Amino acid sequence: MTKDEALKIVKEQLTEHRYQHTIGVMDTSVELAERFGADSEKAMMAAIFHDYAKFRPKEEMKTIIQEQNLGEDLLRYGSELWHAPVGAYLVEKEAGMEDEEILQAISSHTSGRVGMSMLEKIIFLADYIEPGRHFPGVEDVREAAKEDLNEAVKQSLMNTITFLMKRNQLVFPETLHTYNDIVRQQGGKNE
Ligand code: DGI
Ligand code: FE
Ligand code: FE
């Protein structure tokens, strides 16, 4: 599949705003892949498809999570989390994407995952820092991303977790586990 074919498929699934976000994630992912020595072709494809399922009806996503055993636990947390694993399933089924590394990066782009590959970290981070994002603290994460992939991923997880906590929202356990996993990889305290 070429870049243009992938973009055409995704454009039909998204609003113009979300499509522009996708272009931002794509450019940022390729930049990060070049910086940290990952496969930039895979980074490009994973970024293009990462929000493929963003606008699917909740009921459809719920059914897919149940029928495909994508983790019943997900249904007890915010529905914002669902489009990532459902996206990986639909990108394989509807767009014919078979590359497991790309599908995995789509699947973990919202919550992260314990044992993330470099590609997964790149997509997760690019989604957070692409130029269209204006979260509080994003500039510090952009700075960290210039040198240290783990540090930047950790900071974006920290920001998301505290953002959810301040709004009295549930934090998906895998997101916390991912944070702990990165701190361990950094040789953190209390081990
Ligand atoms: O799809 P995007 O908007 O580009 O970004 P995303 O896939 O990172 O989704 C962001 C949304 O996901 C945002 O509303 C916060 C939510 N989210 C991220 N991590 C968690 C979470 N929601 C819950 N409940 N728990 C999490 O750990
Ligand atoms: Fe997303
Ligand atoms: Fe996104």
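Against which helices do the buried residues of α7 pack? In this predicted model, the buried residues of α7 pack against α2 (16-36), α3, α6 (100-107), α8 (138-144), α9 (149-166) and α10 (173-185). Helices here are DSSP runs of H or I with at least four residues, numbered from the N terminus. Buried means under 20% relative accessible area, found with a 1.4 Å probe on protein chains only.

The model is predicted, and its local features need pLDDT of at least 70, while side-chain atom pairs count only at pLDDT 80 or more and totals for chains, interfaces and linings use all residues. Residues are numbered from 1 along each chain as its sequence is written, chains are lettered from A and ligands numbered from 1 in the order in which they are written, and side-chain values use heavy atoms, without hydrogens and water.

Of the 12 residues in α7, 11 are buried, among them Leu119, Phe124 and Tyr128. From its first C-alpha to its last, α7 reaches 16 Å, close to the 16 Å expected at 1.5 Å a residue; the expected span is 1.5 Å times one less than the number of residues.

The largest nonpolar core has 56 residues, of which Phe49, Val91, Leu125 and Val153 touch the most other members. Such a core is a set of buried Ala, Val, Leu, Ile, Met, Phe, Trp, Tyr and Cys residues joined through side-chain atoms within 4.5 Å. Helix α7 (residues 118-129) provides the largest share of this core, 8 residues. Apart from its neighbours within four places in sequence, Phe49 is in contact (heavy atoms within 4.5 Å) with residues including Met1, Val91 and Ile106.

**The iron site**

The iron ion (ligand 2) is coordinated at 2.1 Å by Asp51 (OD), His83 (NE2) and His109 (NE2). Donors are N, O and S atoms within 2.8 Å of the metal (3.2 Å for Na, K and Ca); water is not among the atoms, so sites may look incomplete. Along the chain, the donors of the iron ion (ligand 2) follow the spacing D-x31-H-x25-H. Asp51 also bridges this ion and the iron ion (ligand 3), the two lying 3.5 Å apart. Asp51 lies in the loop between α3 (40-49) and α4 (58-67) and His83 in helix α5 (residues 83-95), so the pair ties together parts that are 32 residues apart in sequence.

Two of these residues are listed below.

| Residue | Relative accessible area |
|---|---|
| Asp51 | 2% (buried) |
| His83 | 4% (buried) |

Notes
Helices (H or I, at least four residues) and strands (E, at least two) are DSSP runs, numbered from the N terminus. Buried means under 20% relative accessible area, exposed over 50%, partly exposed in between (1.4 Å probe, protein chains only).
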